[in-house]
Amino acid sequence: MIKVIICKDYQDVSDKAAEIMLDVVKNNPEAVLGLATGSSPIGLYQRMIKDHKENGTSYAEITTFNLDEYIGLDRDHSQSYYTFMHENLFNHINMKEENINIPSTQGSDMQANCDAYNEKLAKYQIDLQLLGIGSNGHLAFNEPGTPFDSVTQVVDLVESTIKDNARFFDYDMSKVPTQSITMGIKNIMDAKRILLVASGKNKADAIFKTVNGEVSTDCPASILQKHPDVTIVVDEEAASLL
Ligand code: GLP
């Protein structure tokens, strides 16, 4: 079941999302969180950091799993999701490095990296999975056409995603990695609860299809209609077609 919360703007979306996330962390200091990258969660992460500094909310026993990572970038590359997560969240709260899980794309055996991530995921259940959404309805890097029973795997990024993400690579599409390792749709659907955040006009079509469209691999996020506990927090622009 999808519950939609429409907020005025990005700041309000981040406030509401932080309320939901912090409620989980404060009620269960050992919670397992599924985390996402992209511009959408940054405001939420800033509020988690502020709350940690002001109220001392502890992440010492929290475990995190990130959705995805580019293939072809060093872990310490400025645009790797490893770097993103450390700069935007982990470096500013008291997470233990050993409790942080991000798919590794290092080395030459990507299948072994995927297998290792799936094995680790199988030992946990994610209490709250945070998601953004691609303008084409992708979740993590599960592009349209991805089977709903997919687990962590190597995927090719479609052209619209490479274009969307070029802003992080000096607007040069040739610098954007073309592949990634991503958690699959099944891994995402296994979470107890899902929180999706989106803002801006370019997400309106994807949000409409997610909430009101038919459940189809053409819009990967439409599968969320089949999950028992999904909250979508959007701004007015992203909600404009609902
Ligand atoms: C990337 C990520 C997704 C994210 C999407 C939207 O492709 N792999 O997890 O949801 O972009 O990003 P943004 O929030 O920047 O619009």
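These legends describe close-up views of one predicted model.

The model is predicted: local features need pLDDT of at least 70, side-chain atom pairs count only at pLDDT 80 or more, and totals for chains, interfaces and linings use all residues. Residues are numbered from 1 along each chain as its sequence is written, and side-chain values use heavy atoms, with hydrogens and water left out.

View 1. The side chain of D68 places an N or O atom 2.8 Å from a ligand nitrogen. H138 has a polar side-chain atom 3.1 Å from a ligand oxygen. A140 uses its backbone: a polar atom there is 3.3 Å from a nitrogen of the ligand.

**View 2. The largest pocket.** Its volume is about 450 Å³. A pocket is an open set of points on a 1 Å grid over the protein atoms alone, where a 1.4 Å probe fits, with protein on both sides within 12 Å along at least five of seven lines; lining residues have an atom within 4 Å of a point. Points are joined across faces, edges and corners, and the volume is the space filled by probe spheres set on them. The lining has 25 residues. G38, I133, H138, N165 and K203 lie nearest the centre. Helix α5 (residues 159-165) gives the most, with three residues. Helices (H or I, at least four residues) and strands (E, at least two) are DSSP runs, numbered from the N terminus. By class, the lining holds nine nonpolar, twelve polar and four charged residues. Ala, Val, Leu, Ile, Met, Phe, Trp, Tyr, Cys and Pro count as nonpolar; Asp, Glu, Lys and Arg count as charged; the others, Gly among them, are polar.

**View 3. The second largest pocket.** This pocket has a volume of about 230 Å³. It is lined by 14 residues, with N101, I102, P103, S104 and T105 nearest its centre. Both β5 (100-101) and α4 (110-122) supply at least two lining residues. The most come from α4, which gives four. Six lining residues are nonpolar, five polar and three charged.

**View 4. The seven-stranded sheet.** This open sheet runs β1-β10-β9-β6-β2-β3-β5, with parallel pairing. Strands pair if DSSP finds at least two bridges between them. At the edges are β1 (2-7) and β5, each pairing on one side only. Two bridges join β2 (residues 32-35) to β6 (residues 128-131). L33 stands opposite L128 in β6.

**View 5. The three-stranded sheet.** The order in this open sheet is β4-β8-β7, with antiparallel pairing. Its edge strands are β4 (68-70) and β7 (153-156). Four bridges join β7 to β8 (residues 179-182). V155 has S180 of β8 as its bridge partner.

Terms used:
Polar contact = N/O pair within 3.5 Å; in protein donor to acceptor, adjacent residues only side chain to side chain.
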